Structures are given as structure tokens and as C-alpha cells.
Amino acid sequence: MFRLPRPPRSLAGQLFAMQVLVVAVIVAGCAVFAYATARGQAEDAARRQAGAVARSVADSPSVREAVREAAPGTAPAAGLPTGSATGAPASSATGPATRSATGPATGSAVDAFAALSAELQPYAERVRTDSGVDFVTIMAPDGRRWTHPDPRRIGERFIGNTAPALRGETFSETYTGTLGPSIRVVTPLSDNGRVIGMVSAGITVRVIGDRLAAQLVVLGWFAAGALALGGAGTYVVNARLRRHTHGMNAAELSRMYDYHQAALHGVREGLLMLDGQRRITLINDAGRELLGLEGKIRGTGVADLGLPAPLTGALLADGPRVDEVHLTADRVLVVNSSPVAGGGRKGTVVTLRDHTELQSLTGELDHERGFTQALRSQAHEAANRLHTVVSLIELDRAEEAVEFATAELELAQALTDEVVTAVGEPVLVALLLGKAAQAHERGVELVVTPDSSVIDGRTGIPPARDLVTVLGNLVDNAVDALSGVPGGRVMVTVRAEGDGLLIRVADNGPGLPEGADVFRRGWSGKGEGRGLGLALVRQVAHRHGGSADAGARAEGGAEFTVRLPTRGEAGA
């Protein structure tokens, strides 16, 4: 029967199964070790208990005295029949023959053995009962028992080793005797250095097993409790892990990590991930480049990165940010941020797009659009003037027609000559001519001051695009400020000054509000959504190591001054 392959277990499930197995093996190993230890301890305890009982009996003065008095009569009793110590008659096979062979001496020895056994047996049984051992056997040096828990075994030979005891040594062994396997201790019964008997005490293996079984029940409960507690703890930990890994297995997590790394370093947009304390936990290569960050910055707080204050505030904000434009030292960035879902302040994901080139192209497009509008206006005015010239010729007033046409040409050529002579840089000349036309359409006069100097051909000046950004935004700002002001005039100065370039734009408008940070992004007197042009001017100035200042003119109006240092041939 065809079976569909089972989907691989989640990482949490695999860890749970492995941890449960490990816990079970550890608990089982601990249980086996505890059992072996308990068994060894039980045997040692039985050996110590039996040894203590055997030595205490051997050291008893009454036992020693009784055996010493009976010792002379115990030696010749080799033919004592089994059970004779209890007073039972001898068997028919040995009775008469033995008696006839040994005579009266043998009968006396039997009586002495029986009397000693009768004296020692109650004492031994009392000691056995009180001490908890299974047997206490007092025996003669030849191994015949004077005492035994089973009275029928009195007089029989002791089953086990006695040679060390006969040498005066106390020893223990595990041996199978009349009561079964037992742990026994045999100690000599001495009188002035002479062994006159032996004492053996022991506990059967069965009794030790019963004691150990009781301990094993408790050990089993502890093992089961440890296994249940370990399993429950493992389940709780893995349930939490399952929530964090969304039930994915190891292969899926590895594949997601690979995709994550590829996407992180493959996108051109900057990507930042901030934790709840607004520390950087992740940043890609594009993010480092856009923010100008180097070295190890993971774990660094956003406030410690040295970014401009408005950008830092946007990164620290709790709410989402959508397409906000911010400036760094040399870039225009579009910032988007979104808090991490899930409740609480878990973190923020921030994306950065480089808007520098686009902003520059947008500025150039605005300038071109302005030029187009100026050309359209001039074309309209030229058509009107052409119609006027044609009408004067038709009226046979040719001299007036020539005078009218040459006057307009002289005015336009004079403006061109003035700008070219004063500035010289082709890009700035074209920009100023276009701005002059736009200003004229709005009723504002744009002039180049006499102290301007030619900068064309000077080495080390900033790129033309940056010059267009600075001069274009300053002129636009001045023309906008003069909107609706009668007799508005914009004065432009461009000249070399020391080792740098000076660009100054002044107007005779209402001036600047006192204390206003006009170069701050967002500041504008033209309403919301504006206030980027002057910020770009300061950004360009700072990028080239220069300065941008604004102030009031003594004659009234505002004056903006930008100084851009020039670099030598090597620097250029």
C-alpha cells in the first residue's frame, strides 16, 4: 500500500523527542546506579551488623567462661552422632559400637557437649532475635555447632570456611548454608591467645533482598516523579520554542536564513532592525553606506550613532513613518519605518532609500521647466514684438521699426554680456539667464553685482551640479520672497575669494524672521511640504567643507552667503 511520506517534524518536536529520550536514559541510569549503590550498601550494612553481633558474642565473658570450662571435654567428641546434643538417642548403627570403642570417656564428652549446647542455645537465640540477624552459631574449633536457629542442626558440622578464624582472624563471606545463601561473619573465640571456639553470625540474602525491595519502591517513585517532572519541563520549554519558530523544522529554518541573508545583502535599499530599546540588531551593507557607518555597530543605540537630530528623532519614533525626507552630511534619504507587530515595544523595521541623485535630477528638471516656461514667455513676447515691427514697416515707418527691434536686441545682449563677463562659468551663465527671464516674468529684476569675477577655468571648483543646486535654490528662494513686492530686486555675486568660491544672493524683500533656522529641513515661508531647498544648500556646503550663512541686509531684505573651498589639482 502506497503511503505518503510524513512531513518532517518541527524543530521543537525533534528537540522534545530527543530531550524526553535523554531524560529517560538519565533517569534509568540514575535508577540503576542507585539500585547498585543501595544493594552494595545493604550488603555492607548486613556485613557490619553480622560482624558486630559475632564479635559481641565472642567477647561475652559468660560465653568464654562456659566454653573454657567445657573445652577439655569437647576435643574427643569426633564420633558424636547427629542430634546427640539435643539428648536424642544415637542410631543403632553407631550407638553400641561407638560406646564400646570409646568407653566411658566418650560418654562424658557427649554429656559435656550437650550441657554446653543447652547453656549456649538460649543465649544465642536471644541475641539473634534482639539483633535482627538470621543466625548466631557458636561452634567448637572442629566446626561442630553448639547453637543453631534450627535445633536439629546442633552438633552438625558448620558449612563454610573456618580456617581464617582458627588462625585468630575475623572474616566475612557469602556462602550457601543450611538456611540458604547468606552473608556471614566468622570470628574466633579466644582464651589467652588460644582459639577455644568460633562464633558465626549472618543474614540471608533473601532478607537483604526484602530490605532492598522496600527501598526500590521508594526509588521507583522518585524515578517516576523525576521523569514526569523532566518531561513536563521539556514540554513547556519546547512549546515556547515551537511558538518562536512557528512550528518550522530545521531545514525550513536553514532555508529561511539563507533567503534572509541573500535578501538582506541583495537589496539596494538600506535596512535597519531596531529592538525595543532602539538598539541596532541588524543592518545591511546599503544601510551602512547610506548612514555613513563603519565598524561594529550591532547593539549600539540610535542616539549614539551621531546622525542628524531630525533623522535620529524619526528612528526613535514609536509610530510608523512614510516617505519622510531627511538629510545626512552628504545624502538625501527617504525614510520609512514600521513597528514590529505583536504587542508591546518589540522593535522597529526601517528602510532607507537614497534620494540624493533623484533630488538633484528633480532640481535640474525644475530648472529646465522654468527655462521652458521662460522661453515660452519670451517666444510670446517675441511674436508680439515681431508683429509690431511688421506693422511699422507696413505703415512705411521703417526707421521706427529698426529702432524698436534693435533696442530689444541690445537689451537682451546687454544682459547676456553682463552675466558672461561677470561669471564666465557656462553652466552658471545659462542658469542665471534662465532665472533672470523667470524673475522678469514675475516682476522681479535679477542683476549680477559688479564685484563678481570670472571663475571659468579655475581648478578645484566644486562640480557644476552642486553649483547649480546652491545658486538655483538661493535665487528661487529670493524670487519667491519678493513675490508681490513692488520693485523687487535680486543681487547675485559669484567670485573667487582666497582659496575658495563665494556665492552671495541678496534681495530687498521683507527679510528673515528673527532667530529662524532657515537651513533646517522643513523650514519654509511657503507652506507645508516645502523647506528642502535651503537644507540642500547647506548640505552641499558642508559636504565640500564650506559654510552657509543667512542674515539681514542693512538696507533691508535678506542675504545668503555660501563659501565653498577649492581643491588643488591632486584633490580635484
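Me: Contact means heavy atoms within 4.5 Å. Leaving out residues up to four places away in sequence, which residues does Thr 281 touch?
Reply: Thr 281 touches Met 273, Leu 274, Asp 275 and Arg 298. Residues are numbered from 1 along each chain as its sequence is written, and side-chain values use heavy atoms, with hydrogens and water left out. This is a predicted model in which local features need pLDDT of at least 70 and side-chain atom pairs count only at pLDDT 80 or more, while totals for chains, interfaces and linings use all residues.

Me: Where is Thr 281 found?
Reply: Thr 281 belongs to strand 6, which covers residues 280-283. Helices (H or I, at least four residues) and strands (E, at least two) are DSSP runs, numbered from the N terminus.

Me: How far apart are the C-alpha atoms of Thr 281 and Thr 300?
Reply: A distance of 8.3 Å separates these two C-alpha atoms, although Thr 281 and Thr 300 are 19 residues apart along the chain.

Me: And what is the relative accessible area of Thr 281?
Reply: The value for Thr 281 is 35%, and the residue is therefore partly exposed. Buried means under 20% relative accessible area, exposed over 50%, and partly exposed in between (1.4 Å probe, protein chains only).

Me: Stepping back, how many helices and strands does the protein have?
Reply: The protein contains 14 helices and 14 strands. Of its 572 residues, 39% are buried. Among contacts between residues at least 6 apart in sequence, 57% join residues at least 24 apart.

Me: New topic: how many salt bridges are there?
Reply: The count comes to 15 salt bridges. A salt bridge is a side-chain nitrogen of Lys or Arg within 4 Å of a carboxyl oxygen of Asp or Glu.

Me: Which residue forms a salt bridge with Glu 65?
Reply: Arg 68 is the partner of Glu 65, and their closest N and O atoms are 1.9 Å apart. Because the two residues are three apart in helix 2 (residues 61-70), about one helical turn separates them. Glu 65 is partly exposed at 33% relative accessible area, and Arg 68 is partly exposed at 30%.

Me: Which parts of the chain does the pair of Asp 191 and Arg 68 link?
Reply: The side chains of Asp 191 and Arg 68 meet in a salt bridge with an N to O distance of 3.2 Å. This pair links distant parts of the chain, since Asp 191 lies in strand 3 (residues 180-191) and Arg 68 in helix 2, 123 residues apart.

Me: Is Asp 191 buried or exposed?
Reply: Asp 191 has a relative accessibility of 10% and therefore counts as buried.

Me: What about Arg 152: buried or exposed?
Reply: Arg 152 counts as exposed, at 66% relative accessibility. This residue forms a salt bridge with Asp 150, and the closest N and O atoms are 3.1 Å apart.

Me: Back to strand 3. How many bridges join strand 2 to strand 3?
Reply: Seven bridges join these strands, which run antiparallel. Two strands pair if DSSP finds at least two bridges between them. A hairpin connects strand 2 to strand 3 through two residues, and Gly 177 has Gly 180 in strand 3 as its bridge partner.

Me: How many bridges are there between strand 3 and strand 4?
Reply: Strand 3 pairs with strand 4 (residues 194-204) over 10 bridges, in the antiparallel sense.

Me: What is the order of the strands in the open sheet of four?
Reply: The order is 1-4-3-2, with antiparallel pairing. Strand 1 (135-139) and strand 2 (171-177) stand at the edges with a single partner strand each, so one side of each has no neighbour in the sheet.

Me: Which strands does helix 2 lie across?
Reply: Helix 2 lies across strand 1, strand 3 and strand 4, and runs at about 75° to strand 3. Axes are lines fitted to C-alpha atoms, for helices over the stretch in contact, and angles run from 0 to 180 degrees between N-to-C directions.

Me: Last one: at what angle do helix 13 and helix 14 cross?
Reply: The axes of helix 13 (residues 464-481) and helix 14 (residues 533-543) cross at roughly 145° and come within 9 Å. Among the residues that meet there are Asp 466, Thr 469 and Val 470 in helix 13, and Gly 533, Leu 534 and Leu 536 in helix 14.
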